[in-house]
Amino acid sequence: MDVMYNLTLKWAQQLEQSRIIEYTELLRHPWSLIWRNVLAGTARGIGIAIGFTFFAATIIYILQILGALNLPIIGDYIADIVRIVQRQLELNTY
């Protein structure tokens with residue numbers, strides 16, 4: 001009987017470590033699961049938007065610096081890209 005008790009106790013501890021109880025509670029309350037997923041998706045979307053904004057701003061800043069250096073071939077190409085981006089930013093007023 002002692003062996004069975006120890007085995008059951010060990011199994012219960014493993015279930016606690018795997019958080020199955022929390023998972024089954026989420027399955028019992030689907031609106032809680034939906035709400036958590038909505039919040040997680042919103043946070044990911046905002047993070048991606050902020051990250052892309054910083055990345056794009058950095059790239060445009062670097063291109064403007066390279067365009068100001070007046071490099072023979074690369075400078076004209078970069079200046080055209082910067083002009084196109086600035087024109088698009090002026091046209092798209094949200």
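Which helix holds both Arg-28 and Glu-25, and how many residues apart are they? Both lie in helix 2 (residues 20-28), three residues apart, about one turn of the helix. The legends below take this pair and some other places in turn. This is a predicted model, in which local features need pLDDT of at least 70 and side-chain atom pairs count only at pLDDT 80 or more, while totals for chains, interfaces and linings use all residues. Residues are numbered from 1 along each chain as its sequence is written, and side-chain values use heavy atoms, with hydrogens and water left out.

**View 1. Arg-28 and Glu-25 join in a salt bridge.** Their side chains meet at 3.3 Å, N to O; a salt bridge here is a side-chain nitrogen of Lys or Arg within 4 Å of a carboxyl oxygen of Asp or Glu. Helices (H or I, at least four residues) are DSSP runs, numbered from the N terminus. Arg-28 is exposed, with 62% relative accessible area, whereas Glu-25 is partly exposed at 35%. For these words, buried is under 20% relative accessible area, exposed over 50% and partly exposed in between (1.4 Å probe, protein chains only).

**View 2. Asp-80 and Arg-83 pair up in helix 4.** A search of the whole structure finds two salt bridges, and here the closest N and O atoms are 2.8 Å apart. Asp-80 and Arg-83 are separated by about one helical turn, because they sit three residues apart in helix 4 (residues 72-91). An α-helix has 3.6 residues a turn, so residues three or four places apart point the same way. Asp-80 is partly exposed at 35%, and so is Arg-83 at 46%.

**View 3. Thr-8 reaches a backbone oxygen in helix 1.** A polar atom of the Thr-8 side chain lies 2.8 Å from the backbone oxygen of Met-4. Thr-8, in helix 1 (residues 2-18), is partly exposed at 45%. Arg-19, with a positive phi near 60°, follows the helix.

**View 4. A nonpolar patch lies on the surface.** Trp-31, Ile-34, Trp-35, Val-38 and Leu-39 form it, with about 590 Å² of accessible area together. Such a patch takes residues with over 30% relative accessible area and no salt bridge, its nonpolar side chains (Val, Leu, Ile, Met, Phe, Trp, Tyr) being joined within 5 Å and like charges within 9 Å. Areas come from the Shrake-Rupley method with a 1.4 Å probe, and for residues only the protein chains shown count as cover. Trp-35 lies in helix 3 (residues 30-68) and is exposed at 54%.

Technical notes. Helices (H or I, at least four residues) and strands (E, at least two) are DSSP runs, numbered from the N terminus. A polar contact is a pair of N or O atoms within 3.5 Å; within protein, one must be able to donate a hydrogen and the other to accept it, and residues adjacent in sequence count only if both atoms are side-chain atoms.
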